[in-house]
Amino acid sequence: PLIRRARTVRALRAWTTAEIAVSGATIALMLPHVRYFPAYVFGFSLYFWGMGAVLSWPARWSVGLFAWLLGVMSAGFVAWPGMRSPADYVAVGFYVGSAAVVATIMNYIRYRMVREAFAVSHQLAMRNADVERTLEQLREAQARLVASEKLSALGRLLAGLSHEINNPLNVLQNNL
């Protein structure tokens with residue numbers, strides 16, 4: 001219900017981060033007691049990093065939340081020693097390594113997408129400025145053309161009027 005109340009992406013990220021911090025801590029504390037440990041850790045990893053990918057978390061959120069969950073997981077292993085075999089600790093190492101690789105890739109992709117979006121946005125702004133300048137030049141050229149055409153039409157009108165006035169006057173002068 002609280003996540004549905006989020007009005008911004010930042011608020012949605014914050015609520016989801018809080019939810020994962022609480023539920024993830026609960027899951028991390030259960031890890032010493034689960035039966036299919038590697039599959040469980042891998043599924044938990046997909047849940048955590050999948051949400052991060054969907055919400056495109058900033059790197060500092062991912063690192064902070066990951067450090068929190070890793071700390072809780074370590075506390076669970078310290079609180080219940082001897083519950084897991086050495087292979088399980090290798091699985092945890094695999095989880096930490098895969099999470100680090102996934103986080104690095106996600107942050108790199110996010111960084112590249114933001115940079116690409118900025119570059120495309122800048123190019124679009126430059127093209128829009130060029131189009132605006134060209135449009136303004138066309139407006140000015142159209143205004144000059146209309147003014148020139150008006151003067152030309154006025155000149156033809158005055159020449160015709162002058163001819164119509166001079167023609168009868170010339171006839172009268174010649175006949176007088």
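Me: What makes the nonpolar surface patch here, and what is its area?

Reply: In this predicted model, L151, L154, L157, L158, L161, I165, L169 and L172 make a nonpolar patch of about 810 Å². Take L169, which lies in helix 4 (residues 86–175): patch members need over 30% relative accessible area, and L169 has 48%.

Me: Why is L169 called partly exposed?

Reply: Exposed would take over 50% and buried under 20%. L169 comes in at 48%, so it counts as partly exposed.

Me: What makes D130 and R133 a salt bridge?

Reply: The cut-off is a side-chain nitrogen within 4 Å of a carboxyl oxygen, and the closest N and O atoms of this pair are 2.1 Å apart. D130 and R133 are also three residues apart in helix 4, so about one helical turn separates them.

Me: How do you know that the length of helix 1 agrees with its residue count?

Reply: Helix 1 (residues 9–30) has 22 residues, so at 1.5 Å a residue it should span 32 Å; the end C-alpha atoms are 31 Å apart, which agrees.

Me: Which helix has the lowest mean pLDDT, and which the highest?

Reply: Helix 2 (residues 37–55) is lowest at 69, and helix 4 is highest at 86.

Methods: Residues numbered from 1 in each chain as written. Predicted model: local features only at pLDDT ≥ 70, side-chain atom pairs only at ≥ 80, totals over all residues. Heavy atoms only, no water. Patch = residues over 30% accessible without salt bridge, like charges linked within 9 Å, V, L, I, M, F, W, Y side chains within 5 Å. Areas by Shrake-Rupley, 256 points an atom, 1.4 Å probe, with all protein chains shown as cover. Helix = DSSP H or I, 4+ residues; strand = E, 2+ residues; numbered from the N terminus. Buried < 20%, exposed > 50% of the residue type's maximum accessible area, 1.4 Å probe, protein only. pLDDT = per-residue confidence, 0-100. Expected span 1.5 Å × (residues − 1).
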